[in-house]
Amino acid sequence: MIYGRGYKQLWVWATVALLYTGCNKPGGGSGNVDPGPLPASGISYWLTTGDRSNLISRQTTALDFGSISNSLPVITVDSTQVFQPVDGFGYTITSGSVQVINQLPAGEKNNLLNELFGSGDNCLGINFLRIGIGATDLSASVYSYNDMPTGQTDPGLTHFSLSSDQAMISILKQIVLINPAIKLLATPWSAPAWMKDNNSSIGGSLLPAYYPAYANYFVKYIQAMQAEGLTIYAITPQNEPLHPGNNPSMYMTAAQQALFIKNNLGPSFNAAGITTKIIIYDHNCDRPDYPLDILNDAAARPYVDGSAFHLYAGNITALSQVYSAYPGKNIYFTEQYTSSSGSFQGDLTWHIRNVIIGSMRNYSRVALEWNLATDPSYGPHTTGGCDICLGALTIGSGTVT
């Protein structure tokens, strides 16, 4: 796949594993030299091929655009036809990602973050991140921001604290210094266990009696992050609400999500003056009926900015199905993993076709991969969490692949 200078943020999608090559900046990067002048065509481009002979390699030959007829593919640019705005491209950065990145020496860590999020010619320019509200399944342990001893509850959230995610907050602050315009989408894998009908981090559903407390949990989270200098652009009420077998996880039907949004979450945001977007669903393309059921609810719909999708089941065209029903509501593609047992050639082709080209052709404002960084054993992860998820970065023994 080839991407030009104007689509610098897409280079990262042309590989399954990033090459750590460093940005072009005085005294920075990892030994990369200035790539020199543009090719004769005036277009700077980088190339990745399925056989790995090129991995984000700067090309110096000209791209032969012109008006002479030939048998090559035709790219037609019609500036009068407008589709969706695009917010950006990126990853989920989990607390597990933070843990392995923090193992690097300070200088190498700083260079890596600049390469990933910076705006120099050889920087990847990641400009959108998804983060967990509490633990994800790629965290070293399970936690929320309001855990209580078994048998105890805290509906007033007097014990709410972000202390368990200080490492995440610290690295996000570094990233914001590099790219102040980066957008953050926050998603819970589960409510605190005491709010659920099975009192467990795995599965179960939010008890209706705690809908108000859980809405306040989101409010407190957004306010606490803002106090740290981190603006939450959007939230989804639940990661993969129809997959209760993960750790953490929580089952939430479309009817339950609609009730929670229209009676609690939306009004709580309004009362607190919070403008963070509420994005629904956040699960697979095989169930477009889920977001449509919520959008069909006239009381819930005004609070909803749009719908989020993954592609572990179904077809990417489901995004267009939901968009066509409610073109005033936005579409987001928020997660797709790469398996540790996959082939580079096959994964490169599939992800470009579906996650990048596919999501953009079906009205998505973002394309986000899962997950930014793991160790060579595909961890850390919770007990029962994904143990075959290949990070975009593999970090171990001081090396970054």
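Start by selecting Lys262 and Asp297: their side chains meet in a salt bridge, N to O at 2.9 Å (a salt bridge being a side-chain nitrogen of Lys or Arg within 4 Å of a carboxyl oxygen of Asp or Glu). Lys262 sits in helix H5 (residues 254–272), and Asp297 is in the loop between helix H6 (289–295) and strand S9 (306–310), so this pair links distant parts of the chain, 35 residues apart. Helices (H or I, at least four residues) and strands (E, at least two) are DSSP runs, numbered from the N terminus. Asp297 is buried at 17% relative accessibility, while Lys262 is partly exposed at 23%. Buried means under 20% relative accessible area, exposed over 50%, and partly exposed in between (1.4 Å probe, protein chains only).

Before moving on, note that this is a predicted model, where local features need pLDDT of at least 70, side-chain atom pairs count only at pLDDT 80 or more, and totals for chains, interfaces and linings use all residues. Residues are numbered from 1 along each chain as its sequence is written, and side-chain values use heavy atoms, with hydrogens and water left out.

How many salt bridges does a search of the whole structure find? It finds 7. Pick Asp87 and Arg365 next, whose closest N and O atoms are 2.9 Å apart in a salt bridge. Asp87 is in the loop between strand S3 (57–59) and strand S4 (88–92) and Arg365 is in strand S11 (residues 364–369), so the pair ties together parts 278 residues apart in sequence. Asp87 is buried, at 12% relative accessible area, and Arg365 is buried too, at 13%.

Now go to Arg130 and Glu335, another salt bridge at 2.9 Å, N to O. Arg130 belongs to strand S5 (residues 128–132) and Glu335 to strand S10, so this pair ties together parts 205 residues apart in sequence. Arg130 is buried at 0% relative accessibility, and Glu335 is buried at 5%.

**Strand S8**

Show strand S8 (residues 277–284): 7 of its 8 residues are buried, so the strand is largely enclosed by the rest of the structure. Strand S7 (residues 234–235) runs parallel to S8, joined by 2 bridges; two strands pair if DSSP finds at least two bridges between them. Look for Ala234, which stands opposite Lys277 in S8.

**A lysine without a partner**

Select Lys329, in the loop between helix H7 (318–325) and strand S10 (330–335). Lys329 is buried yet has no salt bridge, and the nearest side chain of opposite charge, Asp305, is 7.1 Å away. (Lys and Arg count as positive, Asp and Glu as negative; His and the chain ends are not counted.) What does the side chain of Lys329 reach at 2.7 Å? That is the backbone oxygen of Val304. The backbone oxygen of Arg301 lies 2.9 Å from a polar atom of the Lys329 side chain.

Three strands form an open sheet in the order S12-S13-S14, with mixed pairing. Strand S12 (373–374) and strand S14 (399–400) stand at the edges with a single partner strand each, so one side of each has no neighbour in the sheet. Strand S13 (residues 393–396) and S14 run antiparallel, joined by 2 bridges, and Gly396 has Thr399 in S14 as its bridge partner.

Finish at Cys386 and Cys389, joined by a disulfide with S to S at 2.1 Å (cysteine sulfur atoms within 2.5 Å). Both Cys386 and Cys389 are buried, and their link is right-handed, with 105° about the S-S bond.

Methods
Lys and Arg count as positive and Asp and Glu as negative; His and the chain ends are not counted. A polar contact is a pair of N or O atoms within 3.5 Å; within protein, one must be able to donate a hydrogen and the other to accept it, and residues adjacent in sequence count only if both atoms are side-chain atoms.
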